[in-house]
Amino acid sequence: MIERLSEARLGALPSIVARPAYDRAAVGIGVVHLGVGAFHRAHQAVVFDDALAAGDLRWGVLGASLRSSGVRDQLNPQDGLYTLVVRDGAEEHLRVIGAGRGVLVGPEDPAALVAAMARPDVHIVTLTVTEKGYRLDPATGDLRFDDADVAADLADIDAPRTAPGFIVAALRARKAAGLKPFTVISCDNLPHNGKRIRAGVIAMARRIDPSLAHWIEVEGAFPQTMIDRIVPATTADDIAGLAVRLDVIDQGMVKAEPFTQWVIEDWFAGERPDFPSLGVQLTDAVEPWENAKLRLLNGAHSAIAYLGALSGYEHVHEAVAVPAFRAYVEALWDEAQTTLNPPQGLDIPTYRDALMARFSNAALMHRTRQIAMDGSQKLPQRLLAGAAERLAAGQGIKALALGVAAWMKWQSGVTEGGEVFIVDDPLAAKTAERLEGVDDDPSRVLALLGLSEVFPTRLADDNRFAVAVTDAYLSLSRNGAVEAARLAVE
Ligand code: CS2
């Protein structure tokens with residue numbers, strides 16, 4: 001029987017895999033990460049691993065899952081170790097990441113996680129809890145006090161359930177202990193992610209203890225970030241394939257593209273690793289980076305995910321190999337880029353070429369349905385913000401409107417080939433309810449435009465927007481996604 005990857009097995013790994021060269025026993029916990037999914041393991045954890053490798057042993061990461069115990073069961077039996085598999089075409093690089101110092105499961109023992117976050121050596125709390133984990137209204141960015149878990153946190157902050165709840169509880173404990181706050185670094189693709197988590201935390205703290213809210217306002221740091229690396233979900237085949245090469249089973253492995261980028265607003269409440277020497281950009285202006293990434297990379301990702309998945313393309317590289325989809329992505333970028341204010345150091349044509357090459361990476365097997373998930377939380381920042389700005393400037397939105405219409409079509413839960421699927425989205429029940437018994441296309445579009453959580457009123461009420469999205473939706477029904485994409489570019 002093949003054994004699991006572990007500290008004891010490190011020495012026996014084949015030489016094709018790089019492994020931690022630092023003394024893991026001496027590594028402290030300087031970071032608590034909420035939401036230890038694949039993205040964290042392939043992105044921020046690698047930077048902290050680099051910090052450890054550079055000799056600063058403070059930056060080990062205690063992971064936390066706020067929902068299930070799955071990741072804990074993958075990583076704890078492996079002493080926190082896992083392999084990062086970087087793939088591009090035929091090339092592959094393997095590296096064992098040693099920064100993980102174990103995983104706690106929030107719902108099993110919330111107080112233990114709060115206590116861990118309140119330890120004096122913890123200076124940073126990073127989060128990847130996905131858009132919906134912030135419990136914010138996607139259209140307004142306000143904390144959703146009507147959310148049952150937010151209400152539970154307010155009723156008993158000693159046993160929190162939500163990400164903002166854990167942060168509030170831990171900051172409260174730190175204040176009581178006379179410690180500084182930790183720096184909260186949101187690593188999710190939310191617009192103004194730092195501002196949003198800060199607002200959510202302060203709003204919750206204010207209801208619990210106004211003086212705590214004031215302390216967080218004055219002493220806390222919630223830098224805005226832009227984070228980028230394409231990290232498809234690991235499959236059972238990936239794990240089996242790696243086991244053949246390493247002769248150990250690694251249940252925690254993650255796969256990613258070579259590209260990685262992290263831009264962080266230079267605002268910290270306490271200590272931090274020497275980020276610039278680790279390839280992380282510190283800047284005063286993250287927003288231009290963030291908008292470029294959200295509207296070009298993520299905007300095209302979402303649009304192509306819906307169009308591709310509707311027309312039966314399972315992976316992103318297959319979808320962008322279809323000439324009509326490829327041309328459509330370029331047209332979408334032509335529209336989106338007029339709304340950007342590119343930061344110094346970002347050349348848009350070069351960035352677009354690089355993005356297309358990244359989308360075409362056939363070794364990643366990035367599923368369109370993975371990206372299609374949670375669209376209600378993604379649409380506003382990826383497609384709608386750009387559309388609103390273009391309309392305000394009197395410009396057309398043909399390509400952006402097709403992306404929005406494709407999301408709407410996806411809400412029907414049937415592909416063009418007639419396959420019925422479950423819409424994986426926190427608003428799925430609401431959208432289904434709105435679509436119930438509505439048969440004609442324009443009425444379906446209208447029904448979804450009424451979702452105020454997704455469409456800001458100004459946009460929903462803008463006739464030009466409604467017309468463009470309805471035309472695109474009708475074209476999808478009549479022509480199918482590939483032809484609709486071709487027509488949108490003409
Ligand atoms: C993707 C992102 O699943 C999705 O919605 O668009 O996860 C994307 O791969 C990353 O943001 C790339 O940095």
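Which helix and strands each supply at least two residues of the lining of the largest cavity? They are helix 1 (38–42), strand 3 (60–65) and strand 6 (100–105). Here helices are DSSP runs of H or I with at least four residues, strands are E runs with at least two, and both are numbered from the N terminus.

This is a predicted model, so to speak: local features need pLDDT of at least 70, side-chain atom pairs count only at pLDDT 80 or more, and totals for chains, interfaces and linings use all residues. Residues are numbered from 1 along each chain as its sequence is written, and side-chain values use heavy atoms, with hydrogens and water left out.

**Around the ligand**

- Aspartate 228 has a side-chain N or O atom 2.6 Å from an oxygen atom of the ligand.
- For histidine 301, a polar side-chain atom sits 2.8 Å from a ligand oxygen atom.
- With asparagine 298, the distance from a side-chain N or O atom to an oxygen atom of the ligand is 3.0 Å.
- On its own the ligand has 350 Å² of accessible area, and the protein covers 89% of that. The areas come from the Shrake-Rupley method with a 1.4 Å probe; for residues, only the protein chains shown count as cover.

**The second largest pocket**

- On a 1 Å grid over the protein atoms alone, a pocket is an open set of points with protein on both sides within 12 Å along at least five of seven lines, while a cavity is a set where a 1.4 Å probe fits but cannot get out; lining residues have an atom within 4 Å of a point.
- The second largest pocket has a volume of about 470 Å³. Its lining has 23 residues, and Pro380, Leu384, Ala385, Ala388 and Pro456 are the closest to its centre.
- Helix 15 gives the largest share of this pocket's lining, eight residues.
- This pocket also lies between domain 1 and domain 2, since both give residues to its lining.

**Cavities**

- The structure holds four cavities of 30 Å³ or more. Grid points are joined across faces, edges and corners, and a volume is the space filled by probe spheres set on the points.
- The largest cavity has a volume of about 100 Å³; of its 15 lining residues, Val36, His40, Val61, Leu75 and Gly100 lie nearest its centre.
- Strand 6 gives the most to that lining, with four residues.
- The second largest cavity holds about 60 Å³ of space, and its lining includes Glu131, Arg196 and Gln381.

Technical notes: A polar contact is a pair of N or O atoms within 3.5 Å; within protein, one must be able to donate a hydrogen and the other to accept it, and residues adjacent in sequence count only if both atoms are side-chain atoms. Domain bounds come from an automatic or database domain assignment.
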